[in-house]
Amino acid sequence: MKNTEPEKIGAHSRRAFLKSLGTVAATAATAQVQSVAAELEKANAEKTVGPGAVPVTLTVNGEKLELMLEPRVTLLDAMRNYSSLTGAKEGCDRATCGACTVLMDELPVYSCQKLAIEAQGREITTIEGLAQNGKLSPVQQAFWDRDALQCGYCTPGFIMSVTALLKKNPHPTPDQVKHACAGNLCRCGTHPHIIQAALQASGAKVTSKTEVIHA
Amino acid sequence: MPSWPEKTKYISKSTLRIDAPEKVTGRAHYASDIQAAGWLYGMILRSKWPAATISAINLEKTLQVPGIKAAITAKDLPQTVRFYGEEIAAVCGATKQACLDALRAIEVTAHALPFAVREDDAKKDDAPQVWDGKPNVSVSARGSREQGAVDQAFPECAAVIEGFYTTPVQLHNPMETHGNTVSWTDDGLTAWASTQAISASRDGFAGPLKLDHSQVRVITNFMGGGFGSKLNGSVEGVLAARLSREAKAPVRLMLTRFDEALAVGNRPSSFQKIKIGALADGTLHAFELDNYGTPGISGGDVELPQPYIYKVPNSRVKQAHVAVNAGASRAFRAPPHPPASYAMESAMDDLAAKLGMDPLELRLKNDSNEVRQREYKIGAEKIGWKEKYQKPGSSPGVVKTGIGCAGAAWGGGGASKRTQGDAQINPDGSIEVRLGVQDIGTGTKTVIAVVAAEMLGLKPEQITVKVGDTNFPPGPGSGGSTTCASISPTVFDICANALQQLQTQSGIADARGNNWFAACKKLGVTPLVVHGQWQQGDPSRPLSSSPAYGVQFAEVAVDTETGLVTVKKIVAVHDCGLIIDTLTLESQINGGIIMGMGYALYEERVMDDLSGVVLNPNFETYKLSGIGDVPEIEITLLNMPERGVIGIGEPATIATAGAIANAVFNAIGARVYSLPITPARVLAALGKVPPFTAVKP
């Protein structure tokens, strides 16, 4: 699994932190006033992007997407509104429903909570990128087989969460499936079938307890 | 007279959902996914006042925001708004970001008015009137009635209980919010709508916009859930259309999750003061209900069908609407049964405790319905009632367990008898079946394929199903659990007509199965188009009917230190006549139960009485059942082909809250009188914290 290089995280968050500090907070810091001021000056000297549109290059499902986006555009909006990738859904736009879940370097993330500019240089996989040569992925196939969907709007998000889980843990328990999908909501109430689908995709044998009595 | 075949290859078996491949690959395009050429983003400005007169709206600065193409007011001014979230203005522009900026630039001049958002505040004599000159409280003649001699009957009872059972306003919260992509040009209006009713949606555009029905086309290939809230024409749709007209471009206007909690429907609350009494042998003898609830600003249904599934010879029911400054209610999965079932079934268990009776026995004694009698016995066996039932509150330890049950009935509308459809059969044997219905996630397309395959001797995957377009023959809205019972006989009729025509045109006596391609080939170059419509069929073995029944049992664990309720298991026993597709049916029952569990334990719209706003218009604070909350669910289905096809979407959600509430009562020996059964309410019922609710009977 690829992880983001620590330096990059540090550099990014330090700059963001200093920018958010503002003058009052910065001068209030007594211990390292000098160095903070120097850092602040350096950060402000760097080229800020926006508020107008800037070129953004995303790598989605192995293909490059070259877009002109305001820096405030989220990854979800970039895909849904600036490209034809509408598979990731918007259910809340605030990190509570999981319908927008995509993989970023194999980790599931809420694409409504990532700015598109932050997603540059990362490998993004959406629901559209799972089937290969027209063949459904094992998770997609299991969702079909177990009827792990009703209206289908939350389905891409659940499939991405389960896909990420099985990459990390090929043989999860039902509780591990529940944990992996804890950030996804489904209003149709398809959950029991989603758990069955995840287990089936992991190779476990799944049986239904439903009984039909012919009257 | 036509009737369903006795031996079936696909009907009553499990067929995989035919549109799942599109849904699992992201190829399914919902209203919110439509990217019509040159489309613009649309957004609505909503009232931040729960009541106000709006005298001026200045859109000048808004129209100067870069990227904005049009801005309109929702109504002519002055506008009186009556709830927080009412539509005031709308904008469209090249990007969502431009629209966000544009909404902020709208200048509204408003005079705030007094308001009341809570039922008890609105009931007061000096409460501000939601509608000028009309009292907030109106007693419902339809919901009030009396039979027998109630006042004489109560003293004759061996046991009488009284309880004040309340249920909250519940929000639909479909995963896809309400909205449309609309293109309105001189050639007419096309709307890709997230709707449960394409026909009603069409009329909802045509009426306000003064267009002929023939000028409006509504398309719904996929939609992300509605649960009753998307049966209507919509304000947001009309605003999107007007924006499209003005901007000369298609407009996609989907509500935000925030909007969704304010203006597009909810289940009314109920405040049910129940008094019920039984004779010494448990026979129900006297019943009294005094109920009020709020449908917000609307006149929606608050009348509950009490005493629900029980017959009580002496009963008096009085019900009233209470108008408040909040969004109007709409139909919500099985309206208005869940609050009725919850309160009545709770009262039944409270009465059983007073009588010292097993609550299941009390039900079997008083429920005259033979199907439910059977279902109770099956369910009791499956949950292990005999072994697990113990006197309320006798479970030992800190975490107490309990079981409970409840029953349901759903008559609904049965079927829409005017449902029509057609099929085009091509000389190469391919067939396309077209109905003007919509698949809201229930498996409508799959049902059509299953029935057609069965009747024609083909495989479901050989049937191309087209729905969700007002250009197709008219079908019903997907409400009242009527869709399956409407379309199945219609497809039956289409296929019967097709076989007859094929016989005439091909000379082949039976065009089904192996003969299909030979018969179709004889059509020459002209495809065959056949029409069909809903048929009752043989009255003794109808193609469709109603009602449906059902019972559910719940097993719960209640932590008496934290008040947390965990549902361990639900046993559901349901009938729905002739089962069409067992797999998608099972999904619907799971869904009904899980939604019912949310109603029992988690869901409640909270209004702030001081500011008049909805306090939880999001998923952080409006809690839905999550995957970790979902219990083991065991479903038993009674297949009754002789009754024909009956819908299941609604019956499956009715009994859940009552069964869970009774299981909680059984576990802790104290009644939680209000839904949702939150930890605070459990602790209050146990006397460990002061009461949570301020509402007094």
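In the predicted model, five strands form an open sheet of mixed pairing in the order E6(A)-E24(B)-E23(B)-E22(B)-E17(B). Helices (H or I, at least four residues) and strands (E, at least two) are DSSP runs numbered from the N terminus, and two strands pair if DSSP finds at least two bridges between them. The edges of this sheet are E6 of chain A and strand E17 (399-410) of chain B, each of which pairs on one side only. From one strand to the next the twist averages 15°; angles run from 0 to 180 degrees between N-to-C directions, and axes are lines fitted to C-alpha atoms, for helices over the stretch in contact. Residues are numbered from 1 along each chain as its sequence is written, chains being lettered from A and ligands numbered from 1 in the order in which they are written. Local features of the predicted model need pLDDT of at least 70, side-chain atom pairs count only at pLDDT 80 or more, and totals for chains, interfaces and linings use all residues.

E6(A) is joined to strand E24 (residues 632-639) of chain B by four bridges, in the parallel sense. Within this pairing, Glu211(A) stands opposite Thr636(B), and Val212(A) has Leu637(B) as its bridge partner. Helix H18 (residues 656-668) of chain B lies across E17, strand E22 (548-559) and strand E23 (565-575) of chain B, and runs at about 150° to E17(B).

The contact between the two chains takes 54 residues from chain A and 57 residues from chain B, two residues being in contact if their C-beta atoms, placed from the backbone, lie within 7 Å. On the side of chain A that touches chain B, at least two residues each come from helix H3 (75-82), helix H4 (138-145), helix H5 (155-168), helix H7 (191-201) and strand E6 (211-214) of chain A. This side of chain A has 24 nonpolar, 17 polar and 13 charged residues. In this classification Ala, Val, Leu, Ile, Met, Phe, Trp, Tyr, Cys and Pro count as nonpolar, Asp, Glu, Lys and Arg as charged, and the others, Gly among them, as polar.

Chain B is divided into domain 1 (34-114 + 178-254), domain 2 (270-412 + 546-685) and domain 3 (414-533), with bounds that come from an automatic or database domain assignment. Between the C-alpha centres of domain 1 and domain 3 of chain B the distance is 36 Å. Their contact takes 17 residues from domain 1 and 12 residues from domain 3 of chain B. Helix H6 (198-209) and strand E12 (216-219) of chain B each supply at least two residues of the domain 1 side. H6(B) gives the most to that side, with four residues. By class, the side of domain 1 that touches domain 3 has seven nonpolar, eight polar and two charged residues.

A second topic is the open sheet of seven strands in chain B, which has mixed pairing and the order E3-E5-E1-E13-E10-E11-E12. Strand E3 (68-73) and E12 of chain B are its edge strands, each pairing on one side only. Neighbouring strands of the sheet are turned by 20° against each other on average, direction ignored. Strand E1 (residues 40-46) and strand E5 (residues 87-93) of chain B pair in the antiparallel sense over six bridges, and Gly42(B) stands opposite Cys92(B) in E5(B). Helix H3 (residues 96-105) of chain B packs on the sheet and touches E1, E3 and E5 of chain B, its direction making about 145° with that of E5(B). Helix H7 (residues 235-247) of chain B also packs on the sheet, touching E1, E3, E5, strand E10 (179-185), strand E11 (188-193) and strand E13 (251-254) of chain B, and its direction makes about 35° with that of E10(B).

H6(B) and H7(B) pack at an angle of about 55°, with their axes 10 Å apart. The two helices are therefore oblique to each other; angles under 35 degrees count as roughly parallel, over 145 as roughly antiparallel, 65 to 115 as roughly perpendicular and the rest as oblique. H6(B) contributes Ser201(B), Gly204(B), Phe205(B), Pro208(B) and Leu209(B) to the contact, and H7(B) contributes Gly237(B), Val238(B) and Ala241(B). These residues divide into five nonpolar, three polar and no charged.
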